[in-house]
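Keep the structure open as you read.

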Amino acid sequence: ALERRRPFELEYRLRRHDGRYRWVLARGTPRTGGGGFGGFVGLCLDVTDRREAADRVVEANAFLEATIDALSSHIAVLDPDGTVLKVNAAWRRFGEANGLSLPGDGIGRNYLDDASAQCPSGEPIPLAERIRAVIAGDEESYQVEYPCHSPTEKRWFLMRVLPLPGAPGRAVVSHTNITTRRRALLDAIATREADTRAEAARRDSARLAQLAEEHASEHTAQA
């Protein structure tokens, strides 16, 4: 800046008299007059609080990212328009495993447009309008179980939509694989139905045996 005689701005650390380090922002503008360079006019500002606040935001974001990446549910954060702002590791892994080659793993894509297209193996669900209702604050939350089968297996998921705390107009969408629970439920229903049919067959057999016994008794009495 001195050689080129141009405005400059830089941040640097400065050690105070008490041994503590502070961040300083320096700005300078060249002085010109009388046909020559007259040095710089500038100022120095203590920006330590701003730098520390920015560092805390970076740390908080890193912690949030690590936290949602540790979750097994597929998670996406939406802005007020339904655009995907962030996804977690489980979301990315699911996309890779199912051949969903979306640029940026879907970040920047409008989730509501995708929600309007139902999974081919599922029944029509008004997902987009229910998500909009949560984003707008008209509903506190929304959840639904839905099937989304792959070519090799039958799968069920639980979708939850919740407002993002501290961020009005934003929402968190999570998809949790509940296939194991759903299969256990279907197996239990099938077992109960089989038991019901078996009990009905047992009662019918007992009734037929009773009728046969009564019929035989009548013949014996007539003889």
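## Buried, exposed or in between

A residue is called buried when its relative accessible area is under 20% and exposed when that area is over 50%, with partly exposed in between. Asp-46 has 46% relative accessibility, so this residue counts as partly exposed. Please remember that you are looking at a predicted model.

Which residue does Asp-46 pair with in a salt bridge? The partner is Arg-22, and the closest N and O atoms lie 3.0 Å apart. This pair links distant parts of the chain, 24 residues apart: Asp-46 sits in strand E3 (residues 36-46), while Arg-22 belongs to strand E2 (residues 21-33). Arg-22 has a relative accessible area of 14%, so it is buried.

## A bridge between two helices

Next, find Asp-69 and Arg-92, whose closest N and O atoms are 3.6 Å apart in another salt bridge. Because Asp-69 is in helix H1 (residues 48-69) and Arg-92 is in helix H2 (residues 89-97), their pairing ties together parts 23 residues apart in sequence. Asp-69 is partly exposed at 23% relative accessibility, and Arg-92 is partly exposed at 25%.

## A bridge from helix to strand

Arg-181 and Glu-145 also form a salt bridge, at 2.2 Å from N to O. Arg-181 is in helix H5 (residues 179-222) and Glu-145 in strand E6 (residues 142-147), so parts 36 residues apart in sequence are tied together. Both are partly exposed: Arg-181 at 46% and Glu-145 at 37%.

## The wider picture

How many salt bridges does the whole structure hold? A search finds 13.

How values were computed. Residues numbered from 1 in each chain as written. Predicted model: local features only at pLDDT ≥ 70, side-chain atom pairs only at ≥ 80, totals over all residues. Heavy atoms only, no water. Salt bridge = Lys/Arg side-chain N within 4 Å of Asp/Glu carboxyl O. Helix = DSSP H or I, 4+ residues; strand = E, 2+ residues; numbered from the N terminus. Buried < 20%, exposed > 50% of the residue type's maximum accessible area, 1.4 Å probe, protein only.
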